[in-house]
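Dear colleague,

Please find below the structure that I am handing over to you. My findings on ring contacts, charged pairs and one annotated segment follow it.

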Amino acid sequence: MARTTSLRTKRRNTVPVHTRARDAHKTTKRSKQPKGLDILGVGVIIAVVLVVLLTIAVPLRNYYHGQSEIARLESSIAAKQERKDQLLTEIDKYQSDEYIKQEARRRFGVMDEGETAFRIMDPRMDSGDTVTSEHREVTDDREWYAVLWDSVAEEAETETQAGENAEGGVAVEPNTETDNPTE
């Protein structure tokens, strides 16, 4: 038995010669192959990268589109909230007694008890510039081309009168009653 164990240990420690030659032959074949990737391998890698990018790109685009939509809606909500606050402030202003008194004074000339109203007459104001008037507006029954021609002719006449008045120093208003031929 001792002999069989020594043979086994010898066999384990020694490599047969024919296997050495086979191992050397395998390494020479491997060394002859190119070490880089061939065109097919590069194409497969590029295809895989493109598929991965496309599967990531669509959800990423949807995410950013959703984020921009959320930001736009939030700014719209903020603007509408600001407008609402302005309108509520304006409603409060209209319900105020002080504002009602102020508008009654301004629009209608209403006065409180004990106040005295003064009317200031400006001498530069013309008495003909009244808001209410009993004069009826005269309708012009002439044709449009006659009205046009008269407006051009009248403007030229008033310019020459204004130039003469400026030189003479006395301003004379044209008489509207004599200028209107329909009356």
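In what follows, two rings of Phe, Tyr or Trp (its six-membered ring) are taken as a pair if their centres lie within 6.5 Å, and planes over 60 degrees apart count as edge-to-face. Please note that the model is predicted.

By that criterion, the structure holds three aromatic pairs. One of them joins Y63 and Y64: the ring centres are 5.4 Å apart and the planes meet at 65°, so this pair is edge-to-face. Y63 is partly exposed, at a relative accessible area of 49%, whereas Y64 counts as exposed at 53%. W144 and Y145 form another pair, with 5.8 Å between the ring centres and 80° between the planes, and it is therefore edge-to-face as well. W144 is exposed, its relative accessibility being 63%. A further ring contact involves a charge: K93 lies over the face of Y94, 5.3 Å from the ring centre.

Turning to the charged pairs, a search of the whole structure gives six salt bridges. Among them is the one between the side chains of E69 and R72, with an N to O distance of 2.6 Å. Both residues belong to helix α3 (residues 39–95) and are three residues apart, about one turn of the helix. E69 is partly exposed at 31% relative accessibility, and R72 is partly exposed at 47%.

In helix α4 (residues 97–108), R106 and E103 are likewise three residues apart, about one turn of the helix. Their side chains meet in a salt bridge at 2.6 Å, N to O. Are these two partners buried or exposed? R106 is exposed, with a relative accessible area of 57%, while E103 is buried, with 12%. R107 also takes part here, as E103, R106 and R107 are linked in a network of salt bridges.

Another salt bridge brings together the side chains of E115 and R105, at 2.9 Å, N to O. This pair links distant parts of the chain, ten residues apart: R105 is in helix α4 and E115 is in the loop between α4 and α5 (144–168). E115 is partly exposed at 33% relative accessibility, and R105 is partly exposed at 38%.

Finally, an annotation from a record: the unreviewed UniProt entry lists residues 39–60 as "transmembrane region". In the model, the chain over residues 39–60 is 100% helix and 0% strand, with 31 Å between the end C-alpha atoms.

With kind regards

Note on methods:
Residues numbered from 1 in each chain as written. Predicted model: local features only at pLDDT ≥ 70, side-chain atom pairs only at ≥ 80, totals over all residues. Heavy atoms only, no water. UniProt positions renumbered as here; feature names shortened; annotations may be inferred. Helix = DSSP H or I, 4+ residues; strand = E, 2+ residues; numbered from the N terminus. Phe/Tyr/Trp six-rings, centres within 6.5 Å; stacked < 30°, edge-to-face > 60°. Buried < 20%, exposed > 50% of the residue type's maximum accessible area, 1.4 Å probe, protein only. Lys NZ or Arg CZ within 6 Å of the ring centre and 35° of its normal. Salt bridge = Lys/Arg side-chain N within 4 Å of Asp/Glu carboxyl O.
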